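Me: I would like to learn how to read a structure, one feature at a time. Can we start with a sheet?

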Amino acid sequence: MIEQLQGSAPSLGDFRVALTRGMTALACRDGRSRDRIFDALERSLAPATDPLARVASGRGVDETSDGLERAVRLLARRMGLAEVERQLKLIDEGVARQGGREVDAAPGEFSGTLEQEKQSLRQVRADAAEVNGDMEVANMEWLRERQDAETHLMAYRDRARELKVRLQEMESGGAEAPCPTCGKVLADHHARVITQLREEWESIVQDGSWWKRRREQLDLKPPALQDLESRSVRLQARIEAYSKEVVRLRSRSAGSEAEEPPEPDQARETAHHGGEAVVRAAALRALRVELIEKARDLLVTRAGRNLNHLMSGAILGVVQDADGQPIAVRDEGPSPFQSDEEVAAYVLALRVALADLVAERSNGLSTLMIGDPFDRLGREAKVRLVGLLHSLLPRFEQVFLLCPGEIVDLVPERFDSALEFQEGSDGASSVRVIPGGVGRLTLH
Amino acid sequence: MILAHLSDLHLGFRAFERKDRGRNVREVDVARAFQAAINKMRDIEPQVVLVAGDIFDRPEPTQGAMVALARGLATLREALPDTNVLMVAGSRDTPHRPGDPGALATFDAFPGVEAATARRRVVHLPDLDFHAVLVPHRSAISNEAEAVTPDPEARWNVLLAYGDVTAGGGSGFVVRADEWDYVALGHRHSRVAVRENVHYSGSLERVGAAPWEEAVAEKGFLSFDLVAGVSTFHPVAGRPVVSLEPILFEPARKARLRERVREVLEEVPGGIGGKIVRLRIQGLGPEDLDQIQKLLHDYRRQALHLEVSLEDAPGPAEARPDEDFADSLSDRLAARLGTPGLNEDVIRRAVEDALTQASHRVQGSVG
């Protein structure tokens, strides 16, 4: 549970506020500030690279087919894929040490059939989608930290410069110099004020040096990000290699169908003829495929149900087209999303479905955060989404909705509390707590 | 001494994006229901009309909603000039900015009308020897109303409040039912008699986010005879809402689904024309959505709104997610990959080990 939200935003300044259980609206009219509040909330939850934090915040789960694949991978991991892959890796390492063939074929070592290589291609694409998602998050984190360091450094430099000038003025003015706070002549207090000011200046210079070093550190990409980038490049190369192999096998299959046995199952062949480790690896590889397909079924079905609800039944559900792109199913049949609102509703339906399915399988996910693209929904879909989120409360301790604020007026009874962020008159931020729900009468 | 009690008018409520002469059809429905209730009051001739919150659907109501309320009050004043109207703001009438009293405050200036929007208000009507305490949403939620007390000198004591009743021992402000002649409550859309003298009148129309939940209940308002201590319900006709029994999709008899959909939609007494209808289909997966393709278009045109809700098939609630999947998976993989008596056990063990370990890791995770 997140008990406190602390951060800063350009138009709000620093903010710190206590959070409670239940459903909370975080209302802020400025879109950029809302993003910063969302970032602060996400940082309070867990590191952004934590898979559960990504589920809770919906990072990377967007309208693209990659977004769906990332969501499928995240769910499959909670269903056991992570363990299957860990065990497979152990077997692979053992086989490799014994000079055997690696279970995951490297490019150039293709030995499978068209169906197997297509399956491998899908698998590598899914891996690439996940790595790209992680890379995107890590890159954003790096840029944000670098910007943060830069901002702090500039602020410290300005402050140090200002203090330096003031010190020089006071030193040259001697005992007749005015007090920087009240404007009175310092007289006997001159030396003490000078000392205090100098200490403050030195402290600021020292802190500023720390931020300077921090900024220099962040000039280079962090090793974890570099590693992700090189993994992404390697996976891209594998995708290309597998794609070429699939094309080659497809043309061969089209040219001489008689030469190709009908749908042979490489895994079955391996399982029949290999030793125990190889049989186990074949079983785990088959299990990996099953888990991903099961996760896909669950996710597409649940996201479709959510979308059906958000769009008042006008959209019946979601399916994937031949390229893996998610599309809507209507009375007339499948067709692409037709408006910005439909795309936004699909993204939110998918995020809620993922969080709900993961929470059903995990005791670690108790927070759900919804922000952009909530504002792109129409009024009725907004109200329905708030109802849907409210229905998840028994499973989630906290649900946060970042919004411009009008939804709090539309369905105030749905929120346990609402926090309104606004710029104060003196430039400082103000966070106002709006009590939520309805009043209670105890009848005797 | 007769009171009329209504609540949750939700004037300005809009839904389903269907328009009639430029106005949202549901907004017109809600305004009509209010006007119908006012017309019925001509016969009842109450001395006091109590309106217990959520008068508007939102704190910044549409102009149509403002006109509907003003017109209703004017009609009432013309027909029953001595009748007093007491109103409290509900959560929907209350802007989230604390200094803003909301649009309802405008009507506080109308003759014979008291509209409490922020603070608790005490109203005394000397001609009727009638004492009322008005507790609007903002007061109830801030617990300002903690000590609402009747006036022992008054002949009649009435409490008008917006909020949720909890059984004894809960939080919020305390109401001793026997100290009041009548307690008029607002917030719930269904009519509820909490005690003989404590009532929710319910909304005049089915204006909830899920109108299906209110489909069966009759809508209207209450009158209460303070002398006899008797309440009477006065129905107000609204737009019909039909919630159909769910249809279970049978994968073995896919074609049956189209027949069942037609049957249930065509069996609605009086047809579905102009009604708000929910059709529920259970267990229809994305791969089978083509079973209802090109079937619903005409029905959607007939109904004011046809909501097609696709739901999961009902199953045992206690089943753990993936339990069936894990059990059947090792069997399926063993059958697919194994040689009986040779590799089958290895495969079964591999699958069970992996899924069991994964389950332990997930159960042990703290995020």
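**A sheet across two chains**

Reply: This is a predicted model. An open sheet of three strands is found here, in the order S10(B)-S11(A)-S11(B), with parallel pairing.

Me: Which strands stand at the edges of this sheet?

Reply: Strand S10 (164-166) and strand S11 (173-175) of chain B do; each has a single partner strand, so one side of each is left without a neighbour in the sheet. On average, and with direction ignored, neighbouring strands of this sheet are turned by 40° against each other.

Me: What holds strands of a sheet together, and how many bridges join S11 of chain A to S10(B)?

Reply: Strands of a sheet pair through backbone hydrogen bonds, and the pairing is either parallel or antiparallel. Here strand S11 (residues 440-443) of chain A is joined to S10(B) by three bridges, and the two run parallel. In this pair, A:Thr442 stands opposite B:Thr166. S11(A) also pairs with S11(B), in the parallel sense and over three bridges. There A:Leu441 stands opposite B:Phe173.

**The contact between the chains**

Me: How many residues does the contact take from each chain?

Reply: Chain B gives 67 residues and chain A gives 64 residues. On the side of chain B that touches chain A, the elements that each supply at least two residues are helix H3 (137-141), strand S9 (156-162), S10, S11, strand S20 (305-311), helix H6 (323-337) and helix H7 (344-364). H7(B) gives the most, with eleven residues. By class, this side of chain B has 34 nonpolar, 23 polar and ten charged residues.

**One residue**

Me: Where is A:Pro435 found, and why does A:Pro435 count as partly exposed?

Reply: A:Pro435 is found in strand S10 (residues 429-435) of chain A. A residue is buried if 20 or more other C-beta atoms lie within 10 Å of its own, and exposed if 12 or fewer do. A:Pro435 has 18 C-beta neighbours inside 10 Å, so it counts as partly exposed.

Me: Which residues is A:Pro435 in contact with, leaving aside its neighbours within four places in sequence?

Reply: A:Pro435 is in contact with A:Ser417, B:Ile141 and B:Ser142. As for distance along the chain, A:Pro412 is 23 residues apart from A:Pro435, and their C-alpha atoms are separated by 9.3 Å.

**Chain A as a whole**

Me: What does chain A have in the way of helices and strands?

Reply: Chain A has eleven helices and eleven strands. Of its 444 residues, 39% are buried. Taking contacts in chain A between residues at least 6 apart in sequence, 70% join residues at least 24 apart.

**Helices and domains in chain B**

Me: How do helix H1 and helix H2 of chain B cross?

Reply: The axes of helix H1 (residues 25-44) and helix H2 (residues 63-79) of chain B come within 10 Å and cross at roughly 10°. That makes H1(B) roughly parallel to H2(B). Among the residues that meet are B:Phe34 and B:Ile38 in H1(B), and B:Ala68 and B:Leu76 in H2(B). The contact has seven nonpolar, four polar and two charged residues.

Me: Which domains is chain B divided into?

Reply: Chain B is divided into domain 1 (2-235), domain 2 (241-311) and domain 3 (323-364). Taken over C-alpha atoms, the centres of domain 1 and domain 2 of chain B are separated by 37 Å. Eight residues of domain 1 of chain B are in contact with seven residues of domain 2 of chain B. The domain 1 side of that contact has five nonpolar, no polar and three charged residues.

Methods. Residues numbered from 1 in each chain as written. Chains lettered and ligands numbered in written order. Predicted model: local features only at pLDDT ≥ 70, side-chain atom pairs only at ≥ 80, totals over all residues. Helix = DSSP H or I, 4+ residues; strand = E, 2+ residues; numbered from the N terminus. Contact = placed C-beta atoms within 7 Å. Domains from an automatic or database assignment. Nonpolar A, V, L, I, M, F, W, Y, C, P; charged D, E, K, R; others polar. Pairing = 2+ DSSP bridges. Axes fitted to C-alpha atoms, helices over the stretch in contact; angles between N-to-C directions. Parallel < 35°, antiparallel > 145°, perpendicular 65-115°, else oblique.
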